[in-house]
Amino acid sequence: MTATQEQKKQPKARERNGAQIGQGRATPYLFSFPAIFVVSAVLAFPVLYGIWQSLYRAPELGLPEEFVGGLNYSDMFSDPDFWSALYRTGFFVGGCLVVGTTLGLLFSFALYRSIGRLRWMRAATLAPYLISNVAAAVMFRLLFNSDLGLINSVLGTVGIDGPAWLSSTTWAMTVVIFTQVWTDIPLTILLLLGGLMTIDTSYLDAALVDGASAWQRARYLTIPLLAPQLVISTVWLSYSTLTGLGVVLALTGGGPIGSTTTLAMEMYNVAFRALKFNEALAIATFILILNAVLTLGYVRVARRYEIDA
């Protein structure tokens, strides 16, 4: 046997020896399995338990639950209140995405330009995260109070009679959208600001030399390069608004006349006002599936445009 043949056999021999002492391909998975099992059980068990309980129903509160299969879901889909809540949820999520993304872009561009002693403003964008959703809703409830609120007082100084924001079926959803965006926008700003700071400034300098205006640089260069961060921000805003309850509950309670009753609020009403917990879990399962479908849709659209998010 030549020396070359002997050298070729050595790696195979080492692989066999490694497999014998427990270094095969399955070994990392075996060692990781206990941790994966514990984490999966802690995170996934409540979700799976909730889905399972949505297949049961108690004849009366306090009585034993009975397995009813998909009855809770069929009742949910035949309930006009559910479809009204779904329609308002679509308007709520769409409004938050448009307002949140627009404000996030404007604020991130402004903060990117902040230099020197003004850089503290970047940290100040985290202020809404220091306040709970309920506290923010109470704060905005006072601001938009039709009689004593600051917004109507400012409008009154220029001769405009402010509307009854929170008792109007037209304006209440607008206030809810603005408040929800206010509580969620810090992460959007941080994502977009981080994306801006990773863009090679030579691209912007070259466009400036070619005579591109500020709007043209933003429209055709900066925003396309921010596409991955915009996709992540969209997923986050969509998830947060679709599942958000604190703002709606504390600000309007779903009113007036149900004009701000989203799916999350409808689930709360069914669970804690009608005391139908299993039926509420059917709505929760629907929200979970809707969230997953929307997220997959965003990712699919991003991949169509070859965006790595």
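Trainee: Is Phe272 buried or exposed?
Mentor: Phe272 counts as exposed, at 53% relative accessibility. Buried means under 20% relative accessible area, exposed over 50%, and partly exposed in between, with a 1.4 Å probe and protein chains only. This is a predicted model, in which local features need pLDDT of at least 70, side-chain atom pairs count only at pLDDT 80 or more, and totals for chains, interfaces and linings use all residues. Residues are numbered from 1 along each chain as its sequence is written, and side-chain values use heavy atoms, with hydrogens and water left out.

Trainee: How many aromatic pairs are there?
Mentor: The count comes to 18 aromatic pairs. Rings of Phe, Tyr and Trp (its six-membered ring) pair if their centres lie within 6.5 Å; planes under 30 degrees apart count as stacked, over 60 as edge-to-face and the rest as tilted.

Trainee: Which pair links distant parts of the chain?
Mentor: Phe77 in helix H3 (residues 71-77) and Phe286 in helix H14 (residues 277-304) do, at 209 residues apart. Helices (H or I, at least four residues) are DSSP runs, numbered from the N terminus. The pair is edge-to-face, with 5.9 Å centre to centre and 80° between the planes. Phe77 is partly exposed, at a relative accessible area of 37%, whereas Phe286 is buried, at 18%.

Trainee: And what does Phe272 pair with?
Mentor: Phe272 forms a tilted pair with Tyr268, at 5.2 Å centre to centre and 40° between the planes. Both lie in helix H13 (residues 263-273), four residues apart, about one turn of the helix. Tyr268 is partly exposed, with a relative accessible area of 22%.

Trainee: Changing topic: which residues have the most contacts inside the largest nonpolar core?
Mentor: They are Phe92, Val175, Val176, Ile177 and Leu251, in a core of 20 residues. A nonpolar core is a set of buried Ala, Val, Leu, Ile, Met, Phe, Trp, Tyr and Cys residues joined through side-chain atoms within 4.5 Å. Helices H4 (80-113), H6 (133-143), H8 (172-198) and H12 (246-251) are the elements that give two or more residues to this core. H8 gives the most, with eight residues.

Trainee: What does Val176 touch?
Mentor: Not counting residues up to four places away in sequence, Val176 touches Phe92, Val247, Val248, Leu251, Thr252 and Thr260. Contact means heavy atoms within 4.5 Å.

Trainee: Which residues of H6 are buried?
Mentor: Ala136, Ala137 and Phe140 are the buried residues of H6. They cover an arc of only 100° around the axis, so they lie on the same side of H6. The arc is that of the directions from the helix axis to the C-beta atoms. These buried residues pack against H8 and H12.
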